[in-house]
Structure formats: structure tokens, C-alpha cells
Amino acid sequence: MKKIVNILRKLESITVFLLFLIMVIMVFIQVVNRNFIKISIGWLEELARYSMIFLILLGTEMGLRDGTQISVEALTQRLNIGIRKGLKFITRAMVIYFSTMVFFNSIPLIKMQIKTGQLSPGLRVPMYLPYLTITIGFLIITLTQISTLIIDLKKTYFNKDCMCEGEDK
């Protein structure tokens, strides 16, 4: 199981790197085209935008998984460990609920885009593909948060000596 998770994390890191590289290259080419060649190429901007959207979703998932997202720790660090663990459980459950709702509510949007057959203006790809990033992104967030919650619960109830995320060693 750990091997599969590690492979998926490496794949995710590679995907984030490639999306960032694509976004930077497309924006750079677009800036050079606008300022020196005086030609604007719409599909470059569109590809950069779609790359950035998926990059944000994957980055959000990575931050939530690793606990590196922005958080207010001034209050939680003053709480005792039991309350802190309970609060962590509640916030993770809320993230799971929210991401599950976004995932399920994005499916009808994808179905509608498939029915209409709308194409993106620049790339001329079916619009369900860019919208699919929302569905995929929130599915990944949901699954990762569920697995992290299970791991946290196992650490809390079956391994009393382990340190929780964010605790000093």
C-alpha cells in the first residue's frame, strides 16, 4: 500500500512540475509575442490558464496532505493535545465533506458540457476537458483526505507513541 502511495505522490509531483513548466513557458512565449512580434496567440494563454487551474488543485491537495497550507496555529498551539487532535479530526472531516460535495456537483457540469459539445475558443478542445480538472482535482483531494484521516486515526488509537503532524519531536 505504501509503495502505491509513494508512486502516486511521485507521479503527482512530476505532474505539478510539468504543469508549472508548461504554464511558465506559455506565458513567456505569449509575452515575447505581444511585445516583440506584436502577435497575440490565444491558445497559449488558454493552455497556461488551464495548467494553472489544475496546478492550483494539485497544490491544494499537496498542502492539505502535508499540512503545509496556511493555517492559524496561534490558537491551536495553546490547546491541549487531545483537543488539538479532535479539532484536527473535525477540520479534516469538513474538508472531506466539502471536497466530496464539489466532486459530486461537478459531475452534472461535465455531463452538460459533453451534451453541448462546446469547444474552447483557443485550443479547440471539448470544454468538458478543462472542467474535468475540477472533478479530478476534488476526487484526489477527497481520497487523500480520507486516507490521511484513516492514518491519523490509526496513529491516535493504535500507536500512542507516534507524533502527530505538526507536533514537536
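A residue counts as buried here when its relative accessible area is under 20%. Keep that cut-off in mind for this predicted model, because Thr-133, at 15%, falls on the buried side of it.

**Thr-133**
- You'll find Thr-133 in helix H5, which spans residues 128-158.
- A polar atom of the Thr-133 side chain sits 2.5 Å from the backbone oxygen of Pro-130.
- Setting aside neighbours within four places in sequence, Thr-133 is in contact with Ile-53, Phe-54 and Leu-57.

**Helix H4**
- H4 runs over residues 81-116, 36 residues in total. From first C-alpha to last it reaches 53 Å, close to the 52 Å expected at 1.5 Å a residue.
- At its start, a side-chain oxygen of Asn-80 comes to within 3.0 Å of the backbone nitrogen of Gly-82.
- Just past the other end, Gly-117 adopts a positive phi of about 70°.
- The buried residues of H4 are Lys-88, Arg-92, Ile-96, Ser-99, Thr-100, Phe-103, Ser-106, Ile-110 and Gln-113.
- As background for reading that list, an α-helix has 3.6 residues a turn, so residues three or four places apart point the same way.
- Helix H2 (42-66) and helix H5 are among what covers the buried residues of H4.

**H1 against H2**
- Helix H1 (residues 2-37) packs with H2 at an angle of about 150°, and their axes are 8 Å apart.
- Angles over 145 degrees count as roughly antiparallel, so that's the label for H1 and H2.
- Their crossing is left-handed.

Note on methods:
Residues are numbered from 1 along each chain as its sequence is written. This is a predicted model: local features need pLDDT of at least 70, side-chain atom pairs count only at pLDDT 80 or more; totals for chains, interfaces and linings use all residues. Side-chain values use heavy atoms; hydrogens and water are left out. Helices (H or I, at least four residues) and strands (E, at least two) are DSSP runs, numbered from the N terminus. The expected span of a helix is 1.5 Å times one less than its number of residues. Buried means under 20% relative accessible area, exposed over 50%, partly exposed in between (1.4 Å probe, protein chains only). Contact means heavy atoms within 4.5 Å. A polar contact is a pair of N or O atoms within 3.5 Å; within protein, one must be able to donate a hydrogen and the other to accept it, and residues adjacent in sequence count only if both atoms are side-chain atoms. Axes are lines fitted to C-alpha atoms, for helices over the stretch in contact, and angles run from 0 to 180 degrees between N-to-C directions. Angles under 35 degrees count as roughly parallel, over 145 as roughly antiparallel, 65 to 115 as roughly perpendicular and the rest as oblique. A crossing is left-handed if the near helix is turned anticlockwise from the far one by less than a right angle, and right-handed if clockwise.
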